[in-house]
Amino acid sequence: MDQLQSYLPPFEGLLPKWLVLVSVVSAANSAQAYLSEAYTAQLYNGRLADGRPHTNAHSSRLFGTWTFLSAIIRLTAAYNMNNAPVYNMAASTFGLALLHFVAEWLIFGSAQLKGRFVSPLLVASGSLAWMLTQRDAYLAL
C-alpha cells in the first residue's frame with residue numbers, strides 16, 4: 001500500500017487525489033468514445049426528430065480527444081497544485097465542461113437530464129466549486 005501511495009500527488013487533502021481519479025476515469029471515457037460511438041450516444045441522450053442520436057463516429061472521436069486533453073491537464077494539476085497557471089487551467093477544464101454540458105442540455109437539446117448525462121454535470125460542478133474554494137490554500141504552499 002505504501003508503494004501505491006508513493007505514486008499519488010505529494011499534497012495534503014483529497015483534492016489532488018480526486019484530480020488523479022477524475023483523470024483516470026476521463027482517460028477511460030476517452031477510450032470508450034474512440035472505440036464506440038454508442039458511449040457518446042448514451043451521454044448525449046437527446047434525439048433528433050426522426051429518433052436518431054445527435055452523435056456520430058466523428059463527434060464521438062472529437063469528444064474523446066477533448067476529454068483526454070482535459071485528463072492530461074487535470075493530472076498535471078494534481079502533481080502541481082501550487083502552480084497557479086496549472087491550477088487555473090485545471091479549474092477551467094471543469095468550468096468549460098460544465099458550460100458545455102449545460103448548453104447541450106438547455107440550449108441545443110442534444111442531452112436530457114437523465115442517465116449517463118447526470119454524472120459529468122455533477123463532477124464538473126462539484127470539482128469546479130471545490131477547486132475554487134481551495135485555490136488559495138493550495139497556491140499558498
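Predicted model: local features only at pLDDT ≥ 70, side-chain atom pairs only at ≥ 80, totals over all residues.
Helix H2 (residues 15-35) packs with helix H4 (residues 57-78) at an angle of about 160°, their axes lying 8 Å apart; because angles over 145 degrees count as roughly antiparallel, H2 is roughly antiparallel to H4. The crossing of the two helices is left-handed. On the H2 side, the residues in contact include Pro-16, Leu-19, Val-20, Ser-23, Ala-27, Ser-30 and Tyr-34, and among those contributed by H4 are Ser-60, Phe-63, Gly-64, Thr-67, Phe-68, Ala-71 and Leu-75. Grouped by class, the residues of this contact comprise 13 nonpolar, eight polar and two charged.

The largest pocket has a volume of about 410 Å³ and is lined by 21 residues, of which Ser-26, Asn-29, Arg-74, Pro-120 and Val-123 are the closest to its centre. Ser-26 and Asn-29 of H2 and Arg-74 of H4 also belong to the contact between these helices. At least two lining residues are supplied by each of H2, helix H3 (37-43), H4, helix H5 (84-106) and helix H6 (118-139), with H2 giving the most, six residues. The lining consists of 14 nonpolar, five polar and two charged residues.

By class, the lining of the second largest pocket has four nonpolar, seven polar and one charged residues.

Notes
Residues numbered from 1 in each chain as written. Heavy atoms only, no water. Axes fitted to C-alpha atoms, helices over the stretch in contact; angles between N-to-C directions. Helix = DSSP H or I, 4+ residues; strand = E, 2+ residues; numbered from the N terminus. Parallel < 35°, antiparallel > 145°, perpendicular 65-115°, else oblique. Left-handed = near helix turned anticlockwise from the far one by under 90°. Contact = heavy atoms within 4.5 Å. Nonpolar A, V, L, I, M, F, W, Y, C, P; charged D, E, K, R; others polar. 1 Å grid on protein atoms, 1.4 Å probe; cavity = no way out; pocket = protein on both sides within 12 Å on 5 of 7 lines; lining within 4 Å. Points joined across faces, edges and corners; volume = space filled by probe spheres on them.
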